[in-house]
Amino acid sequence: TVLTVAGDLRAVTRAVAEFFTAHGWTVHELGPGRLEVGTGSLRRTLLLGAFAGSRFRLAALLELRELPDAVEVRHRWGAGAGRALGGASGRARAARRHLETSAALERHLAADGRPVRSRPL
């Protein structure tokens, strides 16, 4: 998903990191404009696969790029997300959770009145 958010890079990066942290994800800054986020238990997911429930391991890369008067946020999770750890069920679970998270991030960023546009990646 690609979100275009009004604001500057520093403020939008902070808002994105706060959103994921508040929702129980770990956030690691990989460099300027790059965040890696993750949630769930890799160990539990390796043992139970798609049946790991709410502790199913998810990870994504967020790339933030400054545009004139806005920031583009790319939420990338990959076509194979979840497949290696949970087969077809894991892939479906991962895709559903990432889409739900992306929609919630969009609502969060728009909640303070900033214009936000969304489009598929």
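Ser102 is buried, with a relative accessible area of 3%. In this predicted model, Ser102 belongs to helix H3, which covers residues 83–110. Beyond the residues up to four places away in sequence, Ser102 touches Thr1, Leu3 and His75.

Helix H3 also holds His98. The relative accessible area of His98 is 1%, so this residue counts as buried too, the limit being under 20%. With neighbours within four places in sequence left aside, the contacts of His98 are Trp25, Leu58, Ala59, Ala60, His75 and Trp77. Thr1 is 97 residues from His98 along the chain, and the C-alpha atoms of the two are separated by 9.1 Å.

The sheet comes next. Six strands make up an open sheet with antiparallel pairing, in the order E2-E3-E4-E5-E1-E6. Strand E2 (26–31) and strand E6 (116–119) each have a single partner strand, so these two stand at the edges and one side of each is left without a neighbour in the sheet. From one strand to the next, the twist averages 20°. Strands of a sheet pair through backbone hydrogen bonds, either parallel or antiparallel.

Helix H1 lies across strand E1 (2–6), E2, E3, E4 and strand E5 (70–76), and runs at about 165° to E4. H1 spans residues 9–22, 14 residues in total, and reaches 20 Å from its first C-alpha to its last, close to the 20 Å expected at 1.5 Å a residue. At its start, a side-chain oxygen of Asp8 comes to within 3.1 Å of the backbone nitrogen of Arg10. The buried residues of H1 are Val12, Thr13, Ala15, Val16, Ala17, Phe19 and Phe20. An α-helix has 3.6 residues a turn, so residues three or four places apart point the same way. Just after H1, Gly24 has a positive phi of about 85°.

The charged side chains remain. The count of salt bridges comes to six. One of them joins Glu63 and Arg34, at 3.3 Å from N to O. This pair links distant parts of the chain, with Glu63 in strand E4 and Arg34 in strand E3, 29 residues apart. Glu63 is partly exposed at 21% relative accessibility, and Arg34 is partly exposed at 34%.

Glu72 forms a salt bridge with Arg74, where the closest N and O atoms are 3.1 Å apart. Glu72 is buried, with a relative accessible area of 6%. The side chain of Glu72 also meets that of Arg119 in a salt bridge of 3.6 Å, N to O. Because Arg119 lies in strand E6 and Glu72 in strand E5, this pair ties together parts that are 47 residues apart in sequence. Arg119 is partly exposed, at 40% relative accessible area. Through shared partners, salt bridges join Arg65, Glu72, Arg74 and Arg119 into one network.

Definitions and conventions. Residues numbered from 1 in each chain as written. Predicted model: local features only at pLDDT ≥ 70, side-chain atom pairs only at ≥ 80, totals over all residues. Heavy atoms only, no water. Helix = DSSP H or I, 4+ residues; strand = E, 2+ residues; numbered from the N terminus. Buried < 20%, exposed > 50% of the residue type's maximum accessible area, 1.4 Å probe, protein only. Contact = heavy atoms within 4.5 Å. Expected span 1.5 Å × (residues − 1). Polar contact = N/O pair within 3.5 Å; in protein donor to acceptor, adjacent residues only side chain to side chain. Pairing = 2+ DSSP bridges. Axes fitted to C-alpha atoms, helices over the stretch in contact; angles between N-to-C directions. Salt bridge = Lys/Arg side-chain N within 4 Å of Asp/Glu carboxyl O.
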